[in-house]
Amino acid sequence: MKIAIITGASSGLGKEYALRLSEEFPEVEAVWLIARRKALLDELGAKLDLTAVSVPLDLTSDGDLGILSRKLEGERPDVAVLINCAGCGYLSNVEDTDPGLLSRMTDLNMRAMTLVTRAVLPYMSKGSHIVNVSSIASFCPNARMTVYSSTKAYVSSFSLGLREELRERGISVTAVCSGPMDTEFLDVGGIKGNSKMFRTLPYCDPKKVAAGSFRAAKRDRAFYTPRAFFKMYRFLAKVLPSTLVVKLAKT
Ligand SMILES: NC(=O)c1ccc[n+]([C@@H]2O[C@H](COP(=O)([O-])OP(=O)(O)OC[C@H]3O[C@@H](n4cnc5c(N)ncnc54)[C@H](OP(=O)(O)O)[C@@H]3O)[C@@H](O)[C@H]2O)c1
C-alpha cells in the first residue's frame, strides 16, 4: 500500500500538507499523521478522503522514535511521500534561554528529522519524494534565534547532501524555505509581539506554501522559497558577506 508520512501534522503547515495530499498524490492510499496531540490528529484524519492513521509521538523521545521504527518494520509500507515538518523555534539570546528549550530545538529540528528520515528510507522506492521543512532562517544566522536558524541551516544542508545520495535511487529531496507564517509556531516560540523583524516582514500563506512545496517536489527541485521578497533575500544572503547580512537579519 502506498502511504505518506507527515510529521508535525496536528497544526499549521503540516496540517495543510495533509489536507492537500490526495489532490497532489492520488496514488497515495493512506497517511500516517505524526505529532504529540492525538485529538488534533484524529480530528484532521476524519476530514481527509484517504485512510488516516494517527501516530501520536514525541519525536524528541528515543522511545517514541523506536515506536515509529517498529511500526515501519511491522507494516513494511511503500512510502511515496515523507514530509518532515515538525519543528519549533524560541526567540531569545542563547544565554537567556532555558537549556531544555535549546535542546528541544536541536532534538526536534535536526535529530528527529534525521532519524525519521533514516528509519523511513528503506521503505521508499523510485519516484518517491522527501520534503524537509527548513526556513529562510537557514540562509543566514538570525541573532535572538541563533539556535533555531542554525538548526534550519542543518536541515537545508542535510537535504542537499541527501538529495545527491538518493539521485541514483530516483528519490527527490526538497528543502522548503518559507518566510514567516501565522501559525502556532509564533506563540509557542514567544515570537508574537516580541520581534520587530517578524512584525515587518511579509507573511507566507501556509496553504500556498504546501501547494508550492508539492509542485517543487514533483519537479525535483532542491529548494522551494515562496515569494519574490524571500527569493531575493536568499540571493543576497549568498552574495553579500555573512558578517554584514547577520547584522540586518536580527530577529
Ligand atoms: N511559522 C513560521 O513562521 C515558520 C517559518 C518558516 C519555517 N517554519 C517551519 O515550519 C514547520 C511547521 O511549523 P508551523 O509554522 O506549522 O508551526 P506549528 O503550527 O507550531 O507546527 C509545529 C508542528 O510540530 C509538532 N511538534 C512540535 N513538537 C513536537 C514533538 N516533540 N514531537 C512531534 N511533533 C512535534 C506540533 O504538534 P504537537 O504540538 O501536537 O506535537 C505541530 O504539529 C516547522 O519546521 C517550522 O520550523 C515555520
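Begin by selecting strand 5 (residues 129-133): five of its five residues are buried, so the strand is largely enclosed by the rest of the structure. A residue is termed buried if 20 or more other C-beta atoms lie within 10 Å of its own, exposed if 12 or fewer do, and partly exposed in between, with C-beta atoms placed from the backbone. Both faces of strand 5 are covered, with H129, V131 and V133 buried on one side and I130 and N132 buried on the other.

Two remarks on conventions belong here. Residue numbers start from 1 along each chain, following the sequence as written. The model is predicted: local features require pLDDT of at least 70 and side-chain atom pairs count only at pLDDT 80 or more, whereas totals for chains, interfaces and linings use all residues. Helices (H or I, at least four residues) and strands (E, at least two) are DSSP runs, numbered from the N terminus.

**The sheet**

Two strands are said to pair if DSSP finds at least two bridges between them.

Now extend the selection to the whole open sheet, whose seven strands are ordered 3-2-1-4-5-6-7 with parallel pairing. Strand 3 (51-56) and strand 7 (223-224) stand at the edges with a single partner strand each, so one side of each has no neighbour in the sheet. Strand 1 (residues 2-7) and strand 2 (residues 30-35) run parallel and are joined by five bridges; the bridge partner of I6 in strand 2 is L33.

Select helix 1, which lies across strand 1, strand 2, strand 4 and strand 5 and runs at about 160° to strand 1. Axes are lines fitted to C-alpha atoms, for helices over the stretch in contact, and angles run from 0 to 180 degrees between N-to-C directions.

In the loop between strand 1 and helix 1, pick A9. Is A9 buried or exposed? A9 counts as buried, because it has 32 C-beta neighbours inside 10 Å. Beyond its neighbours within four places in sequence, A9 is in contact with G14, K15, A18, L33, I34, A35, L41 and L44, contact being defined as C-beta atoms, placed from the backbone, within 7 Å.

**The ligand**

Centre the view on the ligand: of the 30 residues around it, G8, G12, R36, G87 and F185 come nearest. A residue is near a molecule if its C-beta atom, placed from the backbone, lies within 6 Å of it. Helix 1 (12-24) and helix 6 (184-188) each supply at least two residues of this shell.

**A helix pair**

Select helix 4 (residues 99-120) and helix 5 (residues 146-166), which pack at an angle of about 5° with axes 9 Å apart. That angle makes helix 4 roughly parallel to helix 5, a term used for angles under 35 degrees. Residues making the contact include L102, M105 and M113 of helix 4 and V147, V155 and F158 of helix 5.

**Two loop residues**

Finally, select R76, in the loop between helix 3 (62-75) and strand 4. R76 has a positive phi near 45°, and it counts as exposed, with 10 C-beta neighbours inside 10 Å. R227, in the loop between strand 7 and helix 9 (228-239), has a positive phi of about 75° although it is not a glycine.

Note on methods: Parallel < 35°, antiparallel > 145°, perpendicular 65-115°, else oblique. Contact = placed C-beta atoms within 7 Å.
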